Amino acid sequence: MGSGSRVFHCRVSSLAFLVPSFGTSTQLSFKSFLTRTRSSLSPTAFTLHRMASSSSSSVTNGNNIIPPAPSSSNDVSVTPPPSAVDFLTLCHRLKTTKRAGWVRRDVQNPESIADHMYRMGIMALIASDIPGIDRDKCVKMAIVHDIAEAIVGDITPSDGISKAEKSRREQEALDHMCKLLGGGSRAKEIEELWMEYEENSSSEAKIVKDFDKVEMILQALEYENGKFQTEVGKAWASEIASRRKQQ
């Protein structure tokens with residue numbers, strides 16, 4: 001840390017912010033530099049210098065000055081911090097809610113919904129490029145496709161809930177989460193990605209749905225390899241695995 005910086009401790013948190021400071025001699029030298037620079041400019045050049053430095057975001061069009069673009073506070077892509085924290089706090093449930101299928105099969109310490117979506121996102125990230133497929137979109141879709149389960153939980157066919165009712169509950173939950181996020185472009189993007197996956201309406205959605213199944217199969221294989229404690233159990237599991245390869 002250079003001598004030209006001071007550390008000011010924020011009293012409401014444990015964070016320290018570095019704020020650059022200048023000594024008196026530095027300020028005087030800087031003022032002298034500006035004075036010499038201005039005196040060396042021609043009247044026309046000095047006028048142009050004043051215009052350029054008055055607003056870095058303003059431009060001229062003939063004799064009219066076009067006002068700068070609206071500040072970022074009006075940008076719909078900006079998520080207010082309270083909304084972001086509320087949304088992320090709700091998403092914490094994805095980390096703590098276990099996948100219902102594994103719970104019903106008495107798997108010890110089963111994966112969470114977030115575990116499942118995270119590895120799907122990695123699958124989309126490392127997959128080979130496919131012409132016409134937006135890989136970044138696949139990654140985003142993978143990490144939001146089950147996001148509504150933060151509210152409704154992991155609904156499976158064993159719950160006796162129709163596909164239409166499951167979709168209705170999840171859509172309602174997603175709407176709530178997007179409002180919690182504060183609306184805007186980020187919430188709209190999440191909603192569009194979720195709906196696209198739900199409706200299987202794009203090539204990216206079809207690929208991510210395949211990743212959903214592949215991740216489940218991979219997870220099942222990992223549970224199988226670590227679950228059997230006897231030789232007979234391991235032998236039968238090995239036989240089943242070999243038959244899968246033959247199909």
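# A chat about the model and its pockets

Reader: How many disulfides does a search of the whole structure find?
Author: Zero disulfides turn up in a search of the whole structure; a disulfide is a pair of cysteine sulfur atoms within 2.5 Å. This is a predicted model, where local features need pLDDT of at least 70, side-chain atom pairs count only at pLDDT 80 or more, and totals for chains, interfaces and linings use all residues. Residues are numbered from 1 along each chain as its sequence is written, and side-chain values use heavy atoms, with hydrogens and water left out.

Reader: Is Cys 138 buried or exposed?
Author: Cys 138 is buried, at 3% relative accessible area. Buried means under 20% relative accessible area, exposed over 50%, and partly exposed in between, using a 1.4 Å probe and protein chains only.

Reader: And Cys 178, buried or exposed?
Author: Cys 178 is buried, with 9% relative accessibility.

Reader: What percentage of the protein is buried?
Author: Of the 247 residues in the protein, 24% are buried.

Reader: Ok, new topic. How many helices and strands are there?
Author: The protein has 11 helices and four strands. Helices (H or I, at least four residues) and strands (E, at least two) are DSSP runs, numbered from the N terminus.

Reader: Which helices line the largest pocket?
Author: Helices H4 (100-104), H8 (163-180), H9 (184-199) and H10 (203-227) each supply at least two residues of its lining. The largest share, nine residues, comes from H10.

Reader: What is the volume of that largest pocket?
Author: The largest pocket has a volume of about 1,100 Å³. Of its 34 lining residues, the closest to the centre are Arg 99, Thr 156, Pro 157, Asp 212 and Met 216.

Reader: What counts as a pocket, then?
Author: On a 1 Å grid over the protein atoms alone, a pocket is an open set of points where a 1.4 Å probe fits, with protein on both sides within 12 Å along at least five of seven lines; lining residues have an atom within 4 Å of a point. Grid points are joined across faces, edges and corners, and a volume is the space filled by probe spheres set on the points.

Reader: Which classes of residue are in the lining of the largest pocket?
Author: That lining has 12 nonpolar, seven polar and 15 charged residues. Ala, Val, Leu, Ile, Met, Phe, Trp, Tyr, Cys and Pro count as nonpolar, Asp, Glu, Lys and Arg as charged, and the others, Gly among them, as polar.

Reader: What about the volume of the second largest pocket?
Author: The second largest pocket has a volume of about 220 Å³. Closest to its centre, out of 16 lining residues, are Phe 87, Leu 88, Cys 91, Ile 143 and Ile 147. The lining of the second largest pocket divides into 13 nonpolar, two polar and one charged, and H3 gives the largest share, six residues.

Reader: Back to H4. Where is Arg 104, and what is it in contact with?
Author: Arg 104 is in helix H4 and is partly exposed, at 41% relative accessible area. Leaving aside neighbours within four places in sequence, Arg 104 is in contact (heavy atoms within 4.5 Å) with Thr 156, Ser 158 and Asp 159. Arg 104 and Ser 158 are 54 residues apart along the chain, with 9.5 Å between their C-alpha atoms.

Reader: Which loop holds Asp 106?
Author: Asp 106 is in the loop between H4 and H5. Asp 106 has a positive phi of about 60° although it is not a glycine, and it counts as exposed at 60% relative accessibility.
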